[in-house]
Amino acid sequence: MSETVTGMTSGRVVDRTDALAEVWGEDAGAAAIETRSLRRVFKDSIEAVSDIDLTVGMGEVFGFLGPNGAGKTTTVRMLCTLLPPTAGRAAVLGLDVIDDAAAVRRRIGVALQEIGLDPVQTGRELLELQCGLYGITGRRARARSDQLLELVGLVDAADRRTKTYSGGMKRRLDLASALVHSPDVLFLDEPTTGLDPASRLTIWEEVRRINAEGATIFLTTQYLEEADKLCDRVAIIDGGRIVAEGTPARLKAQMGHDVVSVSLDGADLAATEAALAGLPGLERVVAESEALALYLEDGARSIAEIVRRLEGERIRAGAISVARPSLDDVFLQATGRRLEGDEPPAGNEEVTR
Amino acid sequence: MTEVALLGRRAVREVVRYPEATIPTLFIPLFFLVVNIGQVSRTFPSSTPFLKGQGYVAFQLPVSLMFAVATATTGLALVTEIDVGYFDKLLVAPIRRSSIIFGRLSADLVRGVAASALVLAVGIALGARVQSGVLGAVVIVLLSAAFGVAYAGFGILVALRTRNVQATQSSFLLFFPLLFLTPNFVPFNRLSPLMETLARINPVSYVIVGLRSLVIDGWSAGKIGVCIGVIAGMGLILTVLSLRAIATYDR
């Protein structure tokens, strides 16, 4: 899905609003989200977000990928007007998050990582109240709530208090509550973290549907697969800085190589590395805890040579596998480590000695 | 205004659905009312001058009313809301932040009216006679409820400033100096000199004196006026501080 939409999002036409141009200079535009040197330093002088520049086009599904503590949530909170930036600027739909905070709030929907549900109320009451906060009252609020409950499959649980809901149900209700006013931009902070695979798929479908109806979606995730499958463009954030950005396809293409993973299985790391040094087409070697990742032009063709060299040095390594570059590899190259807690990339061809 | 009504309705719903949060706060005033009267009714028979012919229950009733409405319930509800993240949901909605405070306070008014009506009814059942009559009884209920609204500001402030459940829970400790350094058991002139000085400085004393005058004296414009003034002043200061705390929350 991501690859077909990719072409539409880059090179879009940008029109400007004059008022904003004064504040933003030449950068002002009709981007859904735009940040310039956005920074947030907390009281304990921890710099959570360092000079981030982002542009998210209208209608995009933009993925903000990074490990825990990378600065994802802090960025989302700044974009949602919940947290003022220490420096730099951010605009949503051309509206400054500080100067036009009220206008921003009317047009965004937010589902934060910490599911903001009120345990006292039933699902239906919560949605009706949420409608009311966005100026939708009376019969319209009831109709909208019914519609959303239907949409997220919570009709049967609608009149139960939310504290009785499962994790997946809470997420869905939270998502529904972010949609009452049909926002133009939807912020989802780790919408699937902690969910079982089935619930995750439900959320993905919902995100695609919302996006198809025209909403821009900014989602943070720790899951590479999620970013790959769901997002038109992805930015990788690590230690408060953006270390890579682009469509998943382009990011992977930039890697320009296959990854051959040699499982050490108790073999000596240094010896293995030495044996494989100078392989034809070898661009880079990354040592991991139990394996060596070799970045090669043509992985499949190199296997014979790798096996020959290891045998020549009498190194008994374990499985050797070849993978096309995945976002995981992009992440590894950008940050020097793998994203913890993510599933291993699927679809490896495995060759065992 | 709609926002305040919506959030107020939700806060009232919370009070109704969590009776376990409200019932203990009613236990203390009723317990004090019954036990104190039982203990001192011989020491202070109805011939005691400051009782003006009534039983001690009439003297103690206003104190119990204040116990019933001065709670940290609202602060706790707010800090819980911050804790579970629902508060962020409200902050990100296009509403005035003040609505969140006023919604909470409107529920305090409702709870205050219900709680003080109950305590007043128990007091009357135990023999207290409201000298200012039915209208006086209504004024008593409204003034205690208003005091409850003003007092709720303490909990709200602590909740917003600390965002910590334990700290907010501890804010009920304020209750002791504010409600016990008062002429709660005997009039000012029967207190020890130090206690009398402290009680006279404590503005809450004048709320008790005002409510008590409605029970024992009838209509005493001066005492009621000071009582209203103290409640209004306290309410104003704490509400302004709470509004400032929520306006600068995360700013």
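**Close-up views of a predicted two-chain model**

**View 1. Chain B has 12 helices and 0 strands.** This is a predicted model, and chain B reads along its sequence as α-α-α-α-α-α-α-α-α-α-α-α. How does the radius of gyration of chain B sit against that of a compact globule? A compact globule of 251 residues would come in near 18 Å, and chain B has 19 Å, so the two agree. Laid along its principal axes, the C-alpha trace of chain B spans about 60 × 35 × 30 Å. Buried residues account for 44% of the 251 residues in chain B. As for who touches whom, take the contacts in chain B between residues at least 6 apart in sequence: 78% of them join residues at least 24 apart.

**View 2. Here chain B meets chain A, with 19 residues of chain B in contact with 23 residues of chain A.** On the chain B side, α1 (2-17) and α5 (86-91) each supply at least two residues. Which helix gives the largest share of that side? That would be α1(B), with 7 residues. By residue class, the side of chain B that touches chain A splits into 8 nonpolar, 2 polar and 9 charged.

**View 3. Two helices of chain A, α5 (residues 123-133) and α7 (residues 167-177), pack against each other.** Packed helix pairs like this get described by two quantities, the angle between the axes and the distance between them. For α5(A) and α7(A) the angle is about 20° and the axes are 10 Å apart. Angles under 35 degrees count as roughly parallel, so α5(A) and α7(A) are roughly parallel to each other. The crossing of α5(A) past α7(A) is right-handed. From α5(A), the contact uses A:Gly123, A:Leu126, A:Leu127 and A:Gln130, while α7(A) brings A:Leu173, A:Ala176 and A:Ser177. Sorted by class, the residues of this contact are 4 nonpolar, 3 polar and no charged.

**View 4. A:Asp51 has a positive phi although it is not a glycine.** Its phi is about 45°, and A:Asp51 sits in strand β2 (residues 47-56) of chain A. Is A:Asp51 buried, exposed or partly exposed? A:Asp51 has 15 C-beta neighbours inside 10 Å, so it counts as partly exposed.

**View 5. A:Thr81 is a residue other than glycine with a positive phi.** The value for A:Thr81 is near 70°. Where is A:Thr81 in chain A? Look in the loop between α3 (72-79) and β4 (87-92). A:Thr81 counts as buried because it has 25 C-beta neighbours inside 10 Å.

Notes:
Residues numbered from 1 in each chain as written. Chains lettered and ligands numbered in written order. Predicted model: local features only at pLDDT ≥ 70, side-chain atom pairs only at ≥ 80, totals over all residues. Helix = DSSP H or I, 4+ residues; strand = E, 2+ residues; numbered from the N terminus. Rg over C-alpha atoms; globule rule 2.2 N^0.38 Å. Buried ≥ 20, exposed ≤ 12 C-beta atoms within 10 Å, placed from the backbone. Contact = placed C-beta atoms within 7 Å. Axes fitted to C-alpha atoms, helices over the stretch in contact; angles between N-to-C directions. Parallel < 35°, antiparallel > 145°, perpendicular 65-115°, else oblique. Left-handed = near helix turned anticlockwise from the far one by under 90°. Nonpolar A, V, L, I, M, F, W, Y, C, P; charged D, E, K, R; others polar.
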